[in-house]
Amino acid sequence: MFGAANDAELVQPVRYMFEATPQAAERVMAAHFDGRRNYVEEMQVKTFDGRIVEVLLLVTYPQPPENLDTTFITMQEIGDRVAAERQLRQLQTDFAHASRISTLGELSTSIAHEVKQPLGAIMLNGGTSLRRLAQVNPDLAKVRHLLEKIIESAGQATDIIGRIQAMASKQVPKRAQVSLNSIMRDAVRFVNQECVEKGITVRELLSPDVPLICGDRIQLQQVAVNLLVNAIHAIEQQSGGAIREICVLTHLTGTGRVEFVVADSGPGVAPENIGRLFDSFFTTKPGGMGIGLAICRTIMHDHDGEIAATNRPEGGSAFRCSLPGDGS
């Protein structure tokens, strides 16, 4: 593994073992003085012929009445496993990106309407400004007000396009402190026009006490938008006279975790399907790919979170997502 020409090259101070990951030596010593029996870490080692090898380091420290001057150090090469895990993460990222693009396609009408609103306001206020300036004694204060409204509408359009570009972009996840309430509000904006056209009311019950969380904003927004789109599809399956409502709420649980819920007034989930909803390629929607909820589960697990689905006693289904709430 080290590319040594003979055994003698290995019989020397162990400094060479930590050349590629020098901080690991400090952690190994710290574990020893903490009185631990074993220490395990994945690290890199540099071979004698200049290669970098991924290894699993296992250290067993002596404890009385054992011989205290002997420590067992074992290294197992794990390059193939690390490469496979890297490929799996890339595949998950690609699937998540494909799912976002698919969702944006479904919401194209909502997106187009949302962009048209500020653009329409810009055209109206721009035309009014020109007419006022053409007057003999133009009201410059009014023109100034209209120009300020134009700038405001342009900013709104820029924000909308930025959100769409962020959702559509293929990028490495970036963790930061983010507001869950802000994420949920943006997600509702994405589906707002779709809900208006289908006669669905969205109620936002966002707790002001929800702390910041640590996560990737785009990925968490993807989870929220996906659950909202699924809720819209569920409500469309019910008869015309029924309540058509989606409830979006956030709150802090008794255990200090942050939870967001998307609940709908649809027909609910068949009991035999509850346990399979998050399985890859399982879908109850005609033409569905069955990857949306599986990706939601992957994203939540990557954030040390949980996602679960239940049927509501009053009818419909509820998807609950919980995350660590310390913002660290």
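This is a tour of a predicted model, stop by stop.

**Before you start**

Residues are numbered from 1 along each chain as its sequence is written, and side-chain values use heavy atoms, with hydrogens and water left out. In this predicted model, local features need pLDDT of at least 70 and side-chain atom pairs count only at pLDDT 80 or more, while totals for chains, interfaces and linings use all residues.

**Whole chain**

Show the chain as a cartoon. It has seven helices and 10 strands; helices (H or I, at least four residues) and strands (E, at least two) are DSSP runs, numbered from the N terminus. Of the 328 residues, 38% are buried. Buried means under 20% relative accessible area, exposed over 50%, partly exposed in between (1.4 Å probe, protein chains only).

Switch to a surface. The chain exposes about 18,300 Å², and carbon and sulfur atoms supply 55% of that area. Accessible areas come from the Shrake-Rupley method with a 1.4 Å probe; for residues, only the protein chains shown count as cover.

Contacts here mean heavy atoms within 4.5 Å. Of the contacts with a separation of 6 or more, 65% link residues 24 or more positions apart.

Select residues 38-46, strand S1. S1 pairs with S2 in the antiparallel sense over nine bridges; two strands pair if DSSP finds at least two bridges between them. Glutamine 44 has glutamate 54 in S2 as its bridge partner. Five residues separate the two strands in this hairpin, where glycine 50 takes a positive phi near 90°.

Move on to S3. S2 and S3 run antiparallel, joined by six bridges. Valine 55 is the bridge partner of glutamate 77 in S3. Now pick proline 65, in the loop between S2 (52-60) and S3 (72-77). The peptide bond from proline 64 to proline 65 is cis, with omega near 10°. Most residues other than glycine have a negative phi, and most peptide bonds are trans.

**A link from S1 to H2**

Show the side chains of glutamate 42 and arginine 81. They meet in a salt bridge at 2.0 Å, N to O. A salt bridge is a side-chain nitrogen of Lys or Arg within 4 Å of a carboxyl oxygen of Asp or Glu. Glutamate 42 lies in strand S1 and arginine 81 in helix H2 (residues 79-106), so the pair ties together parts 39 residues apart in sequence. Glutamate 42 is partly exposed at 44% relative accessible area, and arginine 81 is partly exposed at 35%. The count of salt bridges comes to 14.

Centre on leucine 227. Beyond residues up to four places away in sequence, leucine 227 touches Phe260, Val262, Leu293, Ile307, Phe319 and Cys321.

Go to glutamate 236. Its side chain meets lysine 198 in a salt bridge at 3.9 Å, N to O. Glutamate 236 lies in H6 and lysine 198 in the loop between H5 (180-197) and S5 (201-206), so this pair ties together parts 38 residues apart in sequence. Then show Asp186, Arg189 and Arg217, which are linked in a network of salt bridges.

Select H7, residues 292-302. Its buried residues include Gly292, Leu293, Ala294, Ile295 and Cys296. Aspartate 304 has a positive phi of about 55° although it is not a glycine. Aspartate 304 is exposed, at 58% relative accessible area.

End at S10, residues 317-324. Six of its eight residues are buried, so S10 is largely enclosed by the rest of the structure. S8 (257-264) pairs with S10 in the antiparallel sense over seven bridges; valine 258 stands opposite leucine 323. S9 and S10 also run antiparallel, with six bridges. In their five-residue turn, glycine 315 has a positive phi of about 110°.
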